[in-house]
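The sequence and the structure are shown first.

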Amino acid sequence: MHGLFALDIAGTTVDEGNIVYDVLRRSVTAAGATIDEADFADWTGVEKQWAIRNLLRLGGADHDDARVADVFAAFTSMLQRAYRETPPRPVSGVETWMREVRTGGAAVVLTTGFARPVADALLEGLGWRVEAGDADATLDGLICATEVRAGRPAPYLIQHAMELAGVDDVAHVVAAGDTAADVLAARHAGVRAVGVLTGAGSREQLEAAGADLVVDSVIDLPADIAAAAI
């Protein structure tokens, strides 16, 4: 592989109607937290147990390890049920775009704040197959925040994606996501940071986080920035 696109899942490559954030909000509220929208927005895009811990803390609720584990378990169960009732679907055009990108010589690795069971079930429901270097697969890799030292906005998800794809030059990496945490992770990793408007974040939030570029959808990446990852 000559380059890498490290892409978020929910709101970037997968259209799930922001269900994950609705469920996250309901989970912490049910646990006694009172959260305003500004505080909530700061914890979108990050590893979900970490988000729950901090939202409980900010919302004045018990946030010890046992409580966080209980709320995370409830969140996971609610999210899986919500996805069964309203199955996520690919962002329009993204499957064709990923196929063309991979045919052109770049790797596509998804990075996510989901735990592995949720992420695997989500991709299985979409019929997306993960196999590095296999032209018939949908993706080259999937990395979950629970599998690295720290999730977003730390750079480790992107760095692990680079390792998986065999790409060692940050100049050949584009990272895209729909939240400020996605953009900050890209900046911390030293790669091109792209914000997309298909998910939770607004243009103002993504630009304030330092996005090099904000596009309507990941499939709208212009040729010059896409070429940097090929």
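## Salt bridges and nonpolar cores

The side chains of D8 and R152 form a salt bridge, with an N to O distance of 3.2 Å. This pair joins distant parts of the chain, 144 residues apart: D8 belongs to strand β1 (residues 3–8), while R152 lies in the loop between β5 (141–144) and α7 (156–165). D8 and R152 are both buried. They also take part in a network of salt bridges that links D8, R152 and D182. The model is a predicted one, and its salt bridges number 12.

| Salt bridge | N to O distance | Sequence separation |
|---|---|---|
| D8 and R152 | 3.2 Å | 144 residues |
| D15 and R89 | 3.0 Å | 74 residues |
| E37 and R25 | 3.3 Å | 12 residues |

The side chains of D15 and R89 meet in a salt bridge at 3.0 Å, N to O. Here the link runs between two strands, as D15 is in β2 (residues 14–15) and R89 is in β3 (residues 89–90).

In the salt bridge between E37 and R25, the closest N and O atoms are 3.3 Å apart. This pair links two helices, with E37 in α2 (residues 37–41) and R25 in α1 (residues 19–30). The two partners fall into separate accessibility classes. E37 has a relative accessible area of 51% and is therefore exposed, the cut-off being over 50%. R25, at 29% relative accessibility, is partly exposed.

The nonpolar residues are considered next. In soluble globular proteins, nonpolar side chains tend to be buried together. The largest nonpolar core of this model holds 57 residues, of which I52, L56, L79, F114 and W128 touch the most other members. Helix α4 (residues 65–85) is the main contributor to this core, giving eight residues.

Which residues is I52 in contact with, leaving aside its neighbours within four places in sequence? The contacts of I52 are L24, V28, V68, V71, F72 and F75.

Notes
Residues numbered from 1 in each chain as written. Predicted model: local features only at pLDDT ≥ 70, side-chain atom pairs only at ≥ 80, totals over all residues. Heavy atoms only, no water. Salt bridge = Lys/Arg side-chain N within 4 Å of Asp/Glu carboxyl O. Helix = DSSP H or I, 4+ residues; strand = E, 2+ residues; numbered from the N terminus. Buried < 20%, exposed > 50% of the residue type's maximum accessible area, 1.4 Å probe, protein only. Core = buried A, V, L, I, M, F, W, Y, C linked by side-chain atoms within 4.5 Å. Contact = heavy atoms within 4.5 Å.
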